[in-house]
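Here is a friendly note to go with your first look at this model. The points below can be taken in order, with the structure open beside them.

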Amino acid sequence: MASNIDFVQYIADQCGGAGDIVTKKMFGDYAIYCDGKIFGLICDDGFYLKPTDAGRALLRTIILRPPYEGAKDYFYIPDVDDRDYLSALVRETCNALPEKIKRKK
């Protein structure tokens, strides 16, 4: 089941305090980026964050589960209504993730 576009936009808006948030449709669901760095997925109207130690330290509840069948575990974020909380999670997660690899042309 694909995610509802209104839910996708809501998550993007809620994470907006972390930086420039962009979503891209991929295989029926969505990848979510902050300042060009992918930090999570939105699948079946659920928000999933890449696991990092920095993110784990801020989580109110740690729920690890795959966003889709066959995927590795991500942090599942059920509390999506607190904008400041989500923005802080995204900011700290992105800071902990490696920089984008620039590909040679």
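1. Is D79 buried, partly exposed or exposed? D79 counts as partly exposed, at 28% relative accessibility. For these words, buried means under 20% relative accessible area, exposed means over 50%, and partly exposed lies in between, with a 1.4 Å probe and protein chains only.

2. A word on what you are looking at. This is a predicted model, in which local features need pLDDT of at least 70 and side-chain atom pairs count only at pLDDT 80 or more, while totals for chains, interfaces and linings use all residues. Residues are numbered from 1 along each chain as its sequence is written, and side-chain values use heavy atoms, with hydrogens and water left out.

3. How confident is the predictor? The mean pLDDT of the chain is 92 (pLDDT is the predictor's confidence in each residue, from 0 to 100), and 97% of the residues reach 70 or more. Among the elements, strand β6 (residues 74-76) has the highest mean pLDDT, 97, and strand β1 (residues 21-26) the lowest, 93. Helices (H or I, at least four residues) and strands (E, at least two) are DSSP runs, numbered from the N terminus.

4. Now back to D79 and its partner. D79 forms a salt bridge with R60, with the closest N and O atoms 2.3 Å apart. This pair links distant parts of the chain: D79 is in the loop between β6 and α3 (83-96), and R60 is in the loop between α2 (53-58) and β5 (64-65), 19 residues apart. A salt bridge here is a side-chain nitrogen of Lys or Arg within 4 Å of a carboxyl oxygen of Asp or Glu.

5. R60 has another partner to look at. The side chains of D82 and R60 meet in a salt bridge of 2.6 Å, N to O. D82 is in the loop between β6 and α3, 22 residues from R60, and D82 is partly exposed, with a relative accessible area of 26%. The structure holds 2 salt bridges, and R60, D79 and D82 are linked in a network.

6. For C34, the nearest cysteine sulfur is that of C94, 4.4 Å away, and C34 is in no disulfide. C15 is buried at 0% relative accessibility, and C34 is buried at 4%.

7. The largest pocket has a volume of about 220 Å³. Its lining includes M26, F27, D29, Y30, K50, Y68 and Y74. Strands β2 (29-34) and β3 (37-43) each supply at least two residues of this lining.

8. Two backbone angles deserve a look. Most residues other than glycine have a negative phi. D35, in the loop between β2 and β3, has a positive phi of about 50° although it is not a glycine, and D35 is exposed at 54% relative accessibility. D44 also has a positive phi of about 50° without being a glycine. D44 lies in the loop between β3 and β4 (46-49) and is partly exposed, with a relative accessible area of 38%.

Notes. Disulfide = S-S within 2.5 Å. 1 Å grid on protein atoms, 1.4 Å probe; cavity = no way out; pocket = protein on both sides within 12 Å on 5 of 7 lines; lining within 4 Å. Points joined across faces, edges and corners; volume = space filled by probe spheres on them.
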